[in-house]
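Subject: Structure handover

Hello,

Here is the structure for your files. Notes on what was found in it follow below the entry.

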Amino acid sequence: MSTIPTTPVTTPRPVETYPSRAVVDLDAVAHNLHVLRGRAPHSLQMAVVKAGAYGHGQLPVALAALGAGADWLGVAQVEEALELRAALDDAGVAREAAPILAWIAPSGQDWARAIEADIDLSVSWTWALAEIAAAARSLGRRARIHVKVDTGMSRAGSTPEDLPALASAVRTAVDGGQVELVGAWSHLSRADDPSPEGLASTAEHVALFESGLGVLAAAGLHPAIRHLSATAGALWHPEAHYDMVRIGIGMYGLSPDPVVAGSAELGLRPVMRLEAPLTSVKVVATDRPVSYGGTWRTPTRRWLGLVPLGYADGILRAASNCGPVTVLSAEGPVATHVVGRVCMDQFVVDLGPAREDQTSASPDAPARVGDTAVLFGDPAVGRVPSADQWARACGTINYEIVSRLGERVPRVHVHGGGTDEEEARA
Ligand SMILES: *Cc1c(COP(=O)(O)O)cnc(C)c1O
């Protein structure tokens, strides 16, 4: 592991010129992986860094995860895997130290590039196996594959009906020297659900996985790495740990289901803090409409702040009139929320009633231009909202809140949750 560089690689975009930023604490990534290792101590740990590491920045998170002892990296698309491999090669990370699995297999993919980049590939169908085996044959190399079994999600994976034919095709490709069967795997659809139905679903997944392993064994196939669990399975289903667990959301410090247990309860530290400086603080008269459609009207003479983040940055429009925000003013944190509709590039927050004698220029404003508005972060550290609160406000899940963060928001990677400036303020 000594070959893994720990220096964070930050966005090439000049951060000073863009007002908002997502501060990503790589020490929290390492902390969370250690906590989750404790929950599945006998299994290999795959760090799932698909979708730009759930919006946190693919390469810096991958390096932090490997540095923290993660054994594998996982992504969805082959293109993501190729990008990750190239970046890891450039960073000097040995390929044996960083096996990568990509699990989305579109027909006609350039499999040869993936095989050459030492990307492990998921196989659910005989046609995919045929394409991969053909590419391997033309390269004169074995492709590394993980057979996926459909254990009850009806997404990817070979159904119990289809699996015997796939197993025999894999057997032929193994014997022919085109593939090496590295793994067998599946995915749980209700691992976060403690209801009797949820538990029964997970038990059924495990049973179908076992019978799938039996089908492979009958074809003489004994994959070394069997894997079934993502974060929720790692946390709540030891019977589903097998040889490896695939850790996504928990590595980012968020719970797969905050209703079952929140980040703090699980000992996880939210990794991302999304913030922007106020670009306006002004007094608006009573009963004035705010933002498109005037869906909120000032209930009194009001202090309003303007935040330069909008739906083009991934701030869901569903947060209109509700998304929680904490403004860090000189007098202390002001807990508030979005008022009016979220626009493409900005939204308004309520900063409270303004007295008749106050004007926009009053020195006793509740906040000032340049004060930091925090949308979400680690509520255990400062009085800031959580990604879970944003998810609840928007009627979605924390996964969507972080992974949809827009391309144009700079990611600033730090160790220990704060820059010098923030440590000075704390
Ligand atoms: C995204 C994903 C994971 C990670 O899931 P989390 O719930 O974020 O831990 C694991 N396995 C597969 C197949 C995935 O698509």
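In which helix is glutamine 58 found? Glutamine 58 is in helix α3, which spans residues 58-67; helices here are DSSP runs of H or I with at least four residues, strands are runs of E with at least two, and both are numbered from the N terminus.

Before the rest, the conventions. This is a predicted model, in which local features need a pLDDT of at least 70 and side-chain atom pairs count only at pLDDT 80 or more, while totals for chains, interfaces and linings use all residues. Residues are numbered from 1 along each chain as its sequence is written, and side-chain values use heavy atoms, with hydrogens and water left out.

Confidence
The protein chain averages a pLDDT (the predictor's confidence in each residue, from 0 to 100) of 95. A score of at least 70 is reached by 94% of the residues. Over residues 419-426 the pLDDT stays under 50, and for this stretch the model has eleven contacts beyond four places in sequence. Contact means heavy atoms within 4.5 Å.

Ligand
The ligand is surrounded by 14 residues, and the closest are Lys50, Tyr54, Thr231, Ile249 and Tyr399. A residue belongs here if one of its heavy atoms lies within 4 Å of the molecule. By class, the shell divides into eight nonpolar, three polar and three charged residues. In this scheme Ala, Val, Leu, Ile, Met, Phe, Trp, Tyr, Cys and Pro are nonpolar, Asp, Glu, Lys and Arg are charged, and the others, Gly among them, are polar. Helix α2 (50-54) and strand β9 (244-247) each supply at least two residues of the shell.

- Lysine 50: a polar side-chain atom lies 2.6 Å from a ligand oxygen atom.
- Isoleucine 249: a backbone N or O atom lies 2.7 Å from a ligand oxygen atom.
- Arginine 246: an N or O atom in the side chain is 2.9 Å from a ligand nitrogen atom.

On its own the ligand has 390 Å² of accessible area, and the protein covers 93% of that. Accessible areas come from the Shrake-Rupley method with a 1.4 Å probe, and for residues only the protein chains shown count as cover.

Tyrosine 54 has its place in helix α2. Its phi is positive, about 50 degrees, although the residue is not a glycine. Tyrosine 54 counts as buried because its relative accessibility is 7%; buried means under 20% relative accessible area, exposed over 50%, and partly exposed in between.

Buried residues
Tryptophan 185 lies in strand β7 (residues 179-185) and is buried, with a relative accessible area of 2%. A polar atom of the serine 124 side chain lies 2.9 Å from the backbone nitrogen of glycine 157. This is a polar contact, that is, a pair of N or O atoms within 3.5 Å; within protein, one must be able to donate a hydrogen and the other to accept it, and residues adjacent in sequence count only if both atoms are side-chain atoms. Leaving aside neighbours within four places in sequence, serine 124 also has contacts with Lys148, Ala156, Ser158 and Leu166.

Glutamine 58 is buried too, at 12% relative accessibility. Its side chain reaches the backbone oxygen of glutamate 80 at 3.3 Å. Not counting residues up to four places away in sequence, glutamine 58 touches several residues, among them Val49, Val75, Glu83 and Leu84.

Other positions
Tyrosine 18 is in the segment before β1 (21-25). The side chain of tyrosine 18 makes a polar contact of 3.0 Å with the side chain of arginine 408. Tyrosine 18 and proline 308 are 290 residues apart in sequence and 9.5 Å apart in space, C-alpha to C-alpha.

Asparagine 321 lies in the loop between β14 (302-307) and β15 (324-329). Phi of asparagine 321 is positive, near 65 degrees, and the residue is partly exposed, with a relative accessible area of 28%.

Arginine 95 is in the loop between α4 (78-90) and β4 (100-102), partly exposed at 26% relative accessibility. Leaving aside neighbours within four places in sequence, the contacts of arginine 95 are Arg85, Asp89, Glu116, Ala117 and Asp118.

Regards

Terms used: Buried < 20%, exposed > 50% of the residue type's maximum accessible area, 1.4 Å probe, protein only.
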